[in-house]
Each structure stands twice: as structure tokens, then as C-alpha cells.
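Here is a short tour of a protein chain, meant to be read with the viewer open. Please load the structure and keep the sequence at hand.

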Amino acid sequence: MAKYGVKAIFSDRHGGVSEGAYSSLNLGESVGDTNECVAQNLIRLCQSSDMPMPHQSQQVHGVQVLYCQGDGVRHSENADILIATNSGVALAVRTADCLPVVLVDIEAGVVAAVHAGWRGTAQNVVGVALDAMCSKGAYPAHILASFGPCIANCCFAVSAEVADILSQSCGVDVGVMQGGQVFADLAKANRHQLLARGVKHACIEISQPCTYCSVQPRYFSYRRDCGKTGRQLTMISLP
Ligand SMILES: [Zn+2]
């Protein structure tokens with residue numbers, strides 16, 4: 001997206017000051033790490049990416065939209081979709097297996113950051129985000145979408161019921177049976193939800209790494225680490 005002047009980044013777990021299970025670039029508060037470390041990590045990330053302090057919300061696996069302007073703050077409102085129309089405003093969502101999505105319509109000057117876990121995906125959170133962007137002048141065929149690292153279908157074991165819910169939410173089968181276990185493809189579900197809304201196939205960029213089985217490991221993974229882990233941050237800002 002850089003060639004369009006929009007900046008978007010997906011952090012991994014390296015380069016921060018947190019220790020132990022949160023080592024080292026944990027961007028999630030209230031997950032067991034100290035707020036001082038999280039604050040320092042956020043400053044590091046903003047400085048290294050040359051982006052302003054981002055707006056953040058209380059993420060609750062829903063489809064609420066928060067329209068953001070001015071200096072980035074940590075909002076107390078529940079929202080899994082952040083939208084901005086002003087240049088220099090940065091938006092961020094925190095994840096550790098859920099799918100982070102950034103969306104932009106350059107011509108209309110509208111950006112969004114979306115937190116899409118399986119519950120949000122079941123409610124078509126990217127479709128709701130797209131509708132909200134369109135209410136601000138965006139047009140689906142002009143949207144560029146980028147998906148960050150999430151738990152991929154190699155590792156996302158789900159119940160048959162969850163696989164069905166996800167498949168119904170996007171109109172295609174996103175569950176694969178392997179060794180008697182169903183694995184779901186979150187990114188595929190979100191991609192089809194965007195395609196159904198008129199986003200062009202070629203304008204959806206999908207990051208390959210799986211948070212769960214990334215080597216080193218490169219990412220925090222809620223499932224792999226049994227809940228005791230940090231959060232990655234996904235940020236986007238208009239030029
Ligand atoms: Zn995997």
C-alpha cells in the first residue's frame with residue numbers, strides 16, 4: 001500500500017521491552033504484562049514505523065463502529081471496527097490469532113482497521129466495516145484490503161458447528177476435515193465476505209504466516225500459549 005501513500009503495518013513479537021510470555025513487543029494492555037512496558041512498546045512501534053499514536057478501542061468480537069479523529073487515544077467504547085477520514089490519523093487493532101484487516105479507499109480518503117476473530121467473522125464484521133466506509137464516501141471497487149497474520153487453516157481446529165457458522169457467513173465452505181478434525185480458514189471467509197460486497201479479488205492482499213505455528217515463534221498466539229501471551233498491533237493511517 002505504500003505506493004499509494006497509505007501506511008499500514010502488522011507488528012510481530014520482536015523488538016520490545018516486555019519479558020516472559022510477553023516477550024517482547026506486547027501491545028496489549030490487561031493481558032498480564034505491565035502497562036509501562038506496553039506503553040513503551042507502543043512508542044517504539046510508532047517511532048520505528050514513523051506513524052502517529054493510534055486510536056484503539058475495547059475489542060469485544062462484535063461489529064460496532066468507532067469513527068476516530070484527532071490525536072490517537074485509547075477509547076473506552078466497545079468497537080471492533082475503527083474508521084477515519086482525516087489524514088494523519090492512525091487506527092489500530094490488537095490480535096493474537098484473530099484476523100486483523102485494514103481497508104482503504106484512497107480516492108475517498110477513508111481507512112478502516114478491523115478485528116475479525118471467528119465471532120466477528122460470523123457477524124460479517126468486514127462487510128459491516130465496508131458499509132460504514134461507504135457511508136463516508138468510499139466505493140467497494142476502489143477498496144484495497146490487506147489481511148495480517150492470524151491463525152491459519154493449518155492450526156485453526158474448530159467444531160463442526162463453528163465451521164458451519166463461518167461457511168454460512170460467507171457463502172463458501174471454509175472448513176477442511178483432516179484426521180477427523182475440522183480446520184477453518186478465517187482469511188478465506190473474510191475474503192469472500194469482501195468479494196460479496198464488491199471488493200475486487202486483485203485488491204485483497206493476504207499475509208501468509210500463521211500466528212500459531214510461526215517459527216521462533218514470530219508471533220503471539222492465544223491458542224498456542226493457552227491464553228497467557230501478548231498481542232500484535234495492526235496499524236493504518238492516511239497520508
Ligand atoms: Zn499454523
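How many of the ten residues of H3 are buried? Seven are, so H3 is largely enclosed by the rest of the structure. A residue counts as buried if 20 or more other C-beta atoms lie within 10 Å of its own, as exposed if 12 or fewer do, and as partly exposed in between, with C-beta atoms placed from the backbone.

## Before we start

This is a predicted model, in which local features need pLDDT of at least 70 and side-chain atom pairs count only at pLDDT 80 or more, while totals for chains, interfaces and linings use all residues. Residues are numbered from 1 along each chain as its sequence is written.

## The chain as a whole

The chain holds five helices and 14 strands. These are DSSP runs numbered from the N terminus: helices are H or I with at least four residues, strands E with at least two. Along the principal axes, the C-alpha atoms fill a box of roughly 50 × 45 × 30 Å.

Of the 239 residues, 49% count as buried.

Let's return to the helix. In H3, the buried residues are Val125, Val126, Val128, Ala129, Leu130, Ala132 and Met133. They pack against strands E3 (65-67), E5 (81-84), E7 (99-105) and E8 (110-116), and also against helices H2 (118-122) and H5 (186-196).

The largest nonpolar core has 71 residues, and those with the most contacts inside it are Ile81, Leu103, Ala112, Val114 and Ala129. Helix H3 (residues 125-134) gives the most to this core, with seven residues. Such a core is a set of buried Ala, Val, Leu, Ile, Met, Phe, Trp, Tyr and Cys residues joined through C-beta atoms within 7 Å. Leaving aside residues up to four places away in sequence, Val114 touches Asp80, Ile81, Val93, Val101, Leu103, Val125, Val126 and Ala129; contact means that the C-beta atoms, placed from the backbone, lie within 7 Å.

## Phe147

Phe147 sits in strand E9 (residues 144-147). This residue is buried, with 24 other C-beta atoms within 10 Å. Beyond residues up to four places away in sequence, Phe147 touches Leu99, Val101, Ala187, Asn190, Glu205, Ile206 and Ser207.

## The five-stranded sheet

An open sheet of mixed pairing runs in the order E1-E14-E6-E2-E4. Strands E1 (7-10) and E4 (74-78) stand at its edges with a single partner strand each, so one side of each is left without a neighbour in the sheet. Two strands pair if DSSP finds at least two bridges between them. E1 and E14 (residues 232-237) are antiparallel and share four bridges, with Ile9 the bridge partner of Met235 in E14.

Strand E11 (residues 175-178) pairs with E12 in the antiparallel sense over four bridges, and Gln178 has Gln181 in E12 as its bridge partner. The two strands form a hairpin with two residues between them, and Gly179 in the turn has a positive phi of about 60°. E12 (residues 181-184) is also joined by two bridges to strand E10 (residues 157-158), again antiparallel. There, Ala157 stands opposite Phe183 in E12.

Technical notes:
Two residues are in contact if their C-beta atoms, placed from the backbone, lie within 7 Å.
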